[in-house]
Amino acid sequence: MIDGKTIAQTVRARAAERAQKLAEMGIVPGLAVILVGEDPASQIYVRNKSRAAKKVGVQSQTIVMPVETTEAEVLAIVAQLNEDAAVDAILVQSPLPKHIDEEKVQEAILPSKDVDGFHPENIGRLFANRAGYYPIANTPRGVMTLLDATQQTLHGKQAIVIGRSILVGRPMFSLLERANMTVTLAHRHTPRAELRRLTQQADVVVVATGVPGLITGDDLKEGATVIDVGINRLADGSLVGDVDFASAEPKAAFITPVPGGVGPMTIATLMQTTVELAAVNHGVELD
Ligand SMILES: Nc1nc2c(c(=O)[nH]1)N[C@@H](CN(C=O)c1ccc(C(=O)N[C@@H](CCC(=O)O)C(=O)O)cc1)CN2
């Protein structure tokens with residue numbers, strides 16, 4: 001079992017150490033989170049981000065806007081935060097209400113403050129495998145930290161990513177390819193039988209579809225590493241992933257649970273990225 005909670009604690013502790021070093025130089029990393037509407041899950045995630053920031057030594061502010069907020073109003077706040085020297089990192093909680101164009105908002109954030117790594121400039125750098133520092137989406141980056149923790153060789157092995165969102169699938173594809181894996185990107189149009197054929201060959205399977213229990217033990221190769229990015233709340237209130245844990249766990253060499261796997265890494269990695277942006281934006285090199 002890959003224990004996301006414990007690994008997230010280590011990432012947060014490292015971010016706190018680095019934030020402390022910056023504080024000694026008079027630099028306090030600043031994170032601004034914009035939440036539009038009242039989605040209950042988003043409210044919890046935003047609250048947890050603010051709590052994590054406090055623990056790590058990041059100065060965070062949450063801007064809560066009503067569901068009827070216009071796109072222009074969100075863009076105006078982003079423009080204001082782009083100009084604010086105390087803000088190193090800007091995050092707009094996803095999903096936004098349907099009347100707001102999420103891509104337009106993501107593109108309005110300065111690439112140097114784009115803590116989610118969703119700006120096309122940062123996605124392009126990742127996809128092109130450019131050198132130098134740029135923010136990378138926190139969930140897939142957190143998945144790479146989890147894979148590192150298994151201490152296995154990825155180089156030359158086969159991976160499949162199921163789901164092609166900007167939040168997870170696309171950057172995940174690039175990160176695994178950058179680790180010299182042979183990567184397949186599957187999505188909703190991949191026929192079910194073809195998907196099974198591909199997952200049965202894969203050494204690493206990353207599932208981010210939002211379909212509860214999509215992948216079962218029968219879909220997996222013996223000894224595979226299974227990373228479940230799905231977070232699905234069932235009618236009874238329980239939380240399950242996209243992987244049927246009971247049948248997958250006996251087949252897998254490593255597997256992430258839901259909850260307690262990838263989820264906690266998203267917020268810990270957000271803290272890591274915020275501190276890094278503060279350092280880069282102030283011209284400080286972190287060890
Ligand atoms: N702008 C962004 N929006 C969203 C992101 C993101 O990275 N940037 N990711 C998700 C939501 N998310 C953070 O924003 C997030 C999701 C889940 C967790 C988490 O810790 N999950 C726990 C379970 C929590 C629960 O009980 O619901 C777990 O898996 O153990 C943290 C952050 C979409 N939006």
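**Sheets, domains and ligand**

Mentor: Five strands form an open sheet, ordered S5-S4-S6-S7-S10, with parallel pairing. Strands here are DSSP runs of E with at least two residues, helices are runs of H or I with at least four, and both are numbered from the N terminus. Two strands pair if DSSP finds at least two bridges between them.

Trainee: Which are the edge strands?
Mentor: Strand S5 (182-186) and strand S10 (254-255), since each pairs on one side only.

Trainee: Is this from an experiment or a prediction?
Mentor: This is a predicted model: local features need pLDDT of at least 70, side-chain atom pairs count only at pLDDT 80 or more, and totals for chains, interfaces and linings use all residues. Residues are numbered from 1 along each chain as its sequence is written.

Trainee: How many bridges join S4 to S6?
Mentor: Four, between residues 158-162 of S4 and 204-207 of S6, running parallel. Ile162 has Val207 in S6 as its bridge partner.

Trainee: What about the sheet with S1 in it?
Mentor: That open sheet has three strands in the order S2-S1-S3, with parallel pairing. Strand S2 (59-65) and S3 are at the edges with a single partner strand each, so one side of each has no neighbour in the sheet.

Trainee: How many bridges pair S1 and S2?
Mentor: Seven, in the parallel sense, with S1 covering residues 30-36. Gly30 stands opposite Gln59 in S2.

Trainee: New topic. How is the chain divided?
Mentor: Into domain 1 (26-111) and domain 2 (138-263). Those bounds come from an automatic or database domain assignment. The C-alpha centres of the two domains lie 28 Å apart.

Trainee: And where does the ligand lie?
Mentor: Between domain 1 and domain 2, because both give residues to the shell around the ligand.

Trainee: How many residues surround the ligand, and which are closest?
Mentor: There are 19, and the closest are Tyr45, Ser94, Pro259, Gly263 and Thr266. A residue counts as near if its C-beta atom, placed from the backbone, lies within 6 Å of the molecule. Helix H2 (40-56), strand S3 (89-92), helix H6 (138-149) and helix H10 (262-281) each give two or more residues to this shell. H10 has the largest share, four residues.

Trainee: What classes are in the shell?
Mentor: Eleven nonpolar, seven polar and one charged. Ala, Val, Leu, Ile, Met, Phe, Trp, Tyr, Cys and Pro count as nonpolar, Asp, Glu, Lys and Arg as charged, and the others, Gly among them, as polar.
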